[in-house]
Each structure stands twice: as structure tokens, then as C-alpha cells.
Amino acid sequence: MALTERQNEILRILKENKTAGVNKLATQLYVSEATIRRDLAEMQTMGLIERSHGGAILPENAEEISLFFRMEKNANEKERAATKALPHIPPFKSVFIDSSSTALALAERIDLNFKTVVTNSLPSALQLSKKPNVNLIMLGGSVHFNTNSTMGSWTARQMEDFAFDLVISSCAAVIGNEAFERSLDQKEIKRAAFERCQKRILVIDHTKFSAHGTYRLSSLSEYDLVVTDAPPPDGIDFSGVKLVY
């Protein structure tokens, strides 16, 4: 479900104020309170907000944005980044694909016939299960309602049973010459995959260069390939890594 322009504005207001009443939102956005209530109900279904008495609040884990919102946000940019990455995928027999919508966009384009694919993403597992002749493995663990992915220490420990030829991942933000995540759980899952792989590919859209993340995932030099949809800003150190844009 795509967010409307008004729902995006509601989200912006909530990010600034953490909470907002139906009456205030209706006044600010020049619509009826009934319209705002319908918007909030849809946004709650997508996991973007929580309803409160007379309004809405951001959930405690609002930093981990809903999968549905991430799939819609910058969709064209993610598709371009995935398309640019495709010719640079090295030969592989096994791959870990993280729970990002950008990694899924790339995974859907790759020939996975007779390959082993491991993921902690329910949507990725669902989509890739439609491909024939794929040895698809879904990691177990606690399912996070916003990202629709398995997380936690048990999920991370399952990585010890694998050795990957390739890891395809994205990140929440690139700050300086480092990749960051918004949640500690996401960071731990990806680090566990990194330690069990031969090659690492980071696929991001250009908005990640101006985004924020709290938990350091890795330096850019730890990747073998970084792919983005547009030229990155000046001042970012890509030494030691192949950059494609």
C-alpha cells in the first residue's frame, strides 16, 4: 500500500512531535477528522504508527521503518541501483540476502537456479520461493513486525552453520566512510553474515548518504563492491572498494 502525500505529511509531523491529535492534524492538513482517522488506520496497518486516545504516536521502534514504507520509498532509485549492480555480480553457489527492500530488488533479477539462498526476510523468502530450482533456506527467530524479518541472538547463531560465497545487503545510512544500521538486531545479523562470506556487496540508493543510523555496521572498505543509483557526494572514501553508479 502506497502512502499518500497527506499520510507522508502526517508521518513528518509525528517524527517532529512524536505525537499528534486527530483534531490538530485535521486543522493542519485542511481535511475532516474522519479523513485523518482513516489515514491513521491505514498507517497503523502498515506498522508506521500506533493509535493513541484521540490521535497517534510513533512506536518505540520507529527508527526501524516499516517494510511496506521502505518498499514504496525511493522505489525507482532502488530499481536503478539493482539494475546497475546486476552485471557486477561475481560467480557464486551460495548467497545470504538481507531483509532490505533494495537487496530484494537485486535478488529478483539474479539467476538463482541451483544456488543456495539464505535469508532472514519473510518477503524475500516468499518472492524467491516462486523461482524454480532454488535451494532456499529461511532463518528462524523472532519475527519483527515492522521489517517482517527474523531477528535476535538465535537467528545470528544460525549463521555459524553456513559459509557463503556472497552476501548481498543494504544499510540504513552511509556516514563518512562507514555503513550504519538503525537497530542493533539488524546490525548483528549482517555482521554475522559478513564473518561467514567470501564476497560482500552493498547496494544502496543515494538517499542513504544523507540518512542517519545509530549502529556502525562496517567500513566501506570491508565491501568488495558498492553500488548506488547516482554519483555519491564528495568526501566519502571508497578506497579499496569497487564503486559503481
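Modeller: In this predicted model, helix H1 (residues 5–17) packs with helix H3 (residues 33–45) at an angle of about 75 degrees, and their axes lie 10 Å apart. Because angles of 65 to 115 degrees count as roughly perpendicular, H1 is roughly perpendicular to H3. On the H1 side, the contact is made by Arg6, Gln7, Ile10 and Leu11. These residues meet Thr35, Ile36, Asp39, Leu40, Glu42 and Met43 of H3. Sorted by class, the contact of H1 with H3 comprises 5 nonpolar, 2 polar and 3 charged residues.

H1 also has a sheet as a neighbour, and that sheet deserves a description of its own. The sheet is open, has 3 strands in the order S1-S3-S2, and is paired in the antiparallel sense. Its edge strands are S1 (19–21) and S2 (50–52), each of which pairs on one side only. Direction ignored, neighbouring strands in this sheet are turned by 25 degrees against each other on average. Between S1 and strand S3 (residues 55–57), the antiparallel pairing extends over 3 bridges. Within this pairing, Gly21 stands opposite Gly55 of S3. H1 packs on the sheet by touching S1 and S3, and the direction of H1 makes about 125 degrees with that of S1. Helix H2 (residues 22–29) likewise packs on the sheet and touches S1 and S3, but the direction of H2 makes about 80 degrees with that of S1.

Strands S5 (residues 116–119) and S6 (residues 135–138) run parallel and are joined by 4 bridges. Together with helix H7 (residues 122–128), S5 and S6 make a right-handed β-α-β unit.

Charged side chains provide a further kind of link. Side chains of opposite charge can pair when their charged atoms come close. The structure holds 13 salt bridges, and one of them joins the side chains of Glu79 and Arg109, with an N to O distance of 2.2 Å. Glu79 belongs to helix H5 (residues 75–85), whereas Arg109 lies in the loop between helix H6 (101–107) and S5, so this pair ties together parts that are 30 residues apart in sequence.

In summary, H1 meets H3 through the residues named above and packs on the sheet through contacts with S1 and S3.

Definitions and conventions:
Residues numbered from 1 in each chain as written. Predicted model: local features only at pLDDT ≥ 70, side-chain atom pairs only at ≥ 80, totals over all residues. Heavy atoms only, no water. Pairing = 2+ DSSP bridges. Helix = DSSP H or I, 4+ residues; strand = E, 2+ residues; numbered from the N terminus. Right-handed = clockwise from strand over helix to strand, strands pointing away. Axes fitted to C-alpha atoms, helices over the stretch in contact; angles between N-to-C directions. Parallel < 35°, antiparallel > 145°, perpendicular 65-115°, else oblique. Contact = heavy atoms within 4.5 Å. Nonpolar A, V, L, I, M, F, W, Y, C, P; charged D, E, K, R; others polar. Salt bridge = Lys/Arg side-chain N within 4 Å of Asp/Glu carboxyl O.
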